[in-house]
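Please look through the structure shown here, and then follow the report below, which goes through a few of its local features in turn.

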Amino acid sequence: MTTDFQTNTFKQLIQQGIPPELPPARVPDADYSHAPVRKDILSAGDKKLALRNALRYFPPAWHKTLAPEFSDELKAYGRIYMYRFKPDYPMYARPISAYPARTREGAALMLMIQNNLDPQVAQHPEELITYGGNGAVFQNWAQYLLTMKYLSELSETQTLHMYSGHPMGLFPSTKEAPRVVVTNGMMIPNYSQPDDWERFNALGVTQYGQMTAGSYMYIGPQGIVHGTAITVLNAFRRVLPRDTSIAGRIFLTAGLGGMSGAQPKAGNIAGCITICAEVNPMAARKRFEQGWVDALFTDMEALVERTRMAMEGKETISLAYVGNVVEVWERFADEEIHVDLGSDQTSLHNPWSGGYYPAGLTFEQANEMMADNPEGFREKVQESLRRQVNAINRHTAKGTYFFDYGNAFLLEASRAGAEVMAEDGVNFRYPSYVQDILGPLCFDYGFGPFRWVCASGKPEDLKTTDRIALKVMKAQLEKAPEGIRQQLQDNILWISEAEENKLVVGSQARILYADSEGRIAIASAFNKAIKAGMLSGPVILGRDHHDVSGTDSPFRETSNITDGSRFTADMAIHNVIGDSFRGATWVSIHNGGGVGWGEVINGGFGLVLDGSREAGQRLKNMLFYDVNNGIARRSWARNPHAMQALQREMDRTPELKVTLPNLVDDTLLNKLF
C-alpha cells in the first residue's frame, strides 16, 4: 500500500517540474522494449541546433554536463530523450484524487498522460512512445515534467497550449474554454514527407502523436480489440452464407506490438482461429503473458500442425508465430491451408523506422541495418512487400477475402511495385476495411468509438458504467430503425461480455461503438450517476480519432467518400474547432495518425463529467456536433446511409439545418462524357 509519505512525495515531484538539482545519469532499462534507432539524418549544423533546442529546458549551469550526454543520445538513438530526467516514481494511472491539482480537469489529464506512459500500456515507455512505433506522448522527459507541473497549477480560467509535446504555457481564457489544446506534427504542407518527420523530430521541434497517444486518450489495446472484433465479425458476414458459424475459420494477420496486439483477443471474441505473426519476441511474449494470445510458436511445422488441428476441431483460438508473416502466407499457400480472412496491422505508416520488418532478416539484423544502412533497409522492406503481396494474391485467387486495415499496407506495397493495383491503375484491387465495412455500416450512420475512463480507478465503478451503458443501448434497440439494429446488437453483446473478456490494461476504461443518440444518452446517464453517488468519481469521456468526424484520411476513415473530397481536411479541422467551443475539456489535432505522416489529419477530444448541470449541458452540445459534423459531410458526398441518418437527425432536432445533395441521373452524364 502507498504510504502518505510516498503520496506526498509523489505530489511534490509533480509540482516541482524540472528538478532543482541535476539528477544522476541513467541508462535505458533493459527490461523494456525500446524504440528502434532512428536514422542519422541531421547535418553537423542541425545537430548543434538539436542540442541548443534540448538544452533550453535547463539552467546554463547544467549545460556543460548535459551537452555531451545529449550528444551521445543523439548519436546512439537518433533522438534526444533525456533519460536522466525520467522520474523515479512508478508510471501508471492513479486515482484522480492522488494528483495535486487546482482543477478536476487538470488531474484528469495527468491520469490520462500517466496511463499512456504506463509500461503495461506503452510500446516503448522510456522513449515516451505509446504505440505504432512512433506514436509519442512527448518528445522528451523535460516536456513530461513541465506539462505535469502546469497541469497541477491549471485554473478554471486558464488553457494549457501544447505544441507537439512541448507545453508552451498557461494562457488566460474562460471557464467555458478547453483546459488544454493539443497539436502534433502540424507541418507546412510541403514539409510533410517521412524524412521531414525524421529531421524535425530529431531537431526536437515536432512529433508524431499517432491518433490517441499525443492526445492522451489511448486506453491500451482494448480500443483496437473492439474495432477489430466488429470488423472481423462483419468481414465474415460478407464472405459466409447467413447464419454460418465462423468457428474453425482462419483470420491471418501480423503485428503484436502496440495496438495490433489486440488482434488475437478480437479474433477470440469473434469466434474464429486467429494466426498472428510478430517478429519481436519481446512483444509476442508480452501479449502471451497478458493473456491476449493463447499460444506461441517459433517453429513453422508446429504452427502448421496446430492450425490444422484447430480447423478440424472448429476451435476458437489465437496462435502467434514468432517470425515473419511473409513466411506464414507462403507456407499456408504451399500447404493449401484455406485462409478465410487476411489483413496486416504492422505499422506501415512508418515503414523505414521499425514499422515493418522485412522477411529474410532477423529482428536484430533488421534493427542494425535500419540504423547503419537505411537505403539498403528500404530496399529490403520493398522487396519483402512484393513477396508478401505475391503470397496474398495466391490466397485471394482461392477465395480469401483480404482487406487493408488502414495501416498503409496497400499504399506502401503499391509504392514498392507490388501487384496490388486494380485494372484501372488508380484504385487498389483490395478494399480498405472502411470502404467495405466500417464506412457504410458504422461511420455513415454515426457509429464510432465512444470511450470512457473511471477516474476513481475502481473496478466497481467500471462495472456500474457497463450496466448503465447496457441499459441505455437495450432501450435504444427497442425503437431503432433496421439499418442500425445490427450495430446495436453487436455492441450490446460486447458490453455484456466485456468484464469476462478481461479487456482492461492500465486505467479502468471501456469502449463501445455508438451513434450521437447513444453517446449522449450514455454520457447523460453517467453524469446523473455521479451526481447521485452511484459512481465514486468523475468519468472522462473521449474517443479514438478513428471515427465519423474526427479524421480526414483518404486511405482509411474517409476512403468510402467518393465525391473527390477525401483528400481534403476541412472536416477534421472543423471537428476540433467545433468541439472546442461546445464544451470539450481538451481538444487535439494531429498530422499523421494511423496511416502515415502527411497522409491524414485527425482530431480528438476529452470531456470530464463531474455530475454537474454544466457538464450535462456540455456533453449534449459537444457530442451532438462531434458526430453529426461527419454525418453531414458524408451525406453531402451522397453516401446513402449517411443521407438517411442525417434526415433522421434533422427530423429529431429542428435546430439542425444541413444542406442536402441533389442526385444526378447517371444517364445524363454518360451522354456527355
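## Aromatic rings

Tyr357 is buried, since its relative accessible area is 13%, and the cut-off for calling a residue buried is under 20%. This value, like every other in the report, was computed from a predicted model. Phe363 is also a buried residue, with a relative accessible area of 19%, which lies under the 20% limit.

How many aromatic pairs does a search of the whole structure find? The search finds 27 aromatic pairs, and Tyr357 and Phe363 form one that is tilted, with 4.9 Å from centre to centre and 40 degrees between the planes. These two values are given because a pair of aromatic rings is described by the distance of the centres and the angle of the planes. Elsewhere, ring pairs join Tyr57, Phe58, Trp62, Phe70 and Phe85 into a cluster.

Helix H7, which covers residues 222–239, and helix H17, which covers residues 482–497, have axes that come within 12 Å and cross at roughly 130 degrees. The crossing in which H7 passes H17 is right-handed.

Which residues of the two helices meet? On the side of H7 they are Gln222, Val225, His226, Ile230, Asn234 and Arg237, and on the side of H17 they are Gln486, Asp490, Asn491 and Trp494.

## Positive phi angles in two loops

Most residues other than glycine have a negative phi. Asp243 is not a glycine, and yet its phi is positive, at about 70 degrees. Asp243 is placed in the loop between H7 and strand S6, the latter formed by residues 250–254. Is Asp243 buried or exposed? With a relative accessible area of 77%, Asp243 is exposed, because the cut-off for that word is over 50%.

Glu336 also has a positive phi, near 55 degrees, although Glu336 is a residue other than glycine. The loop where Glu336 is found runs between helix H11, residues 325–334, and strand S10, residues 341–342. Glu336 is exposed, its relative accessible area being 63%, a value that is over the 50% limit.

Notes
Residues numbered from 1 in each chain as written. Predicted model: local features only at pLDDT ≥ 70, side-chain atom pairs only at ≥ 80, totals over all residues. Heavy atoms only, no water. Axes fitted to C-alpha atoms, helices over the stretch in contact; angles between N-to-C directions. Helix = DSSP H or I, 4+ residues; strand = E, 2+ residues; numbered from the N terminus. Left-handed = near helix turned anticlockwise from the far one by under 90°. Contact = heavy atoms within 4.5 Å. Phe/Tyr/Trp six-rings, centres within 6.5 Å; stacked < 30°, edge-to-face > 60°. Buried < 20%, exposed > 50% of the residue type's maximum accessible area, 1.4 Å probe, protein only.
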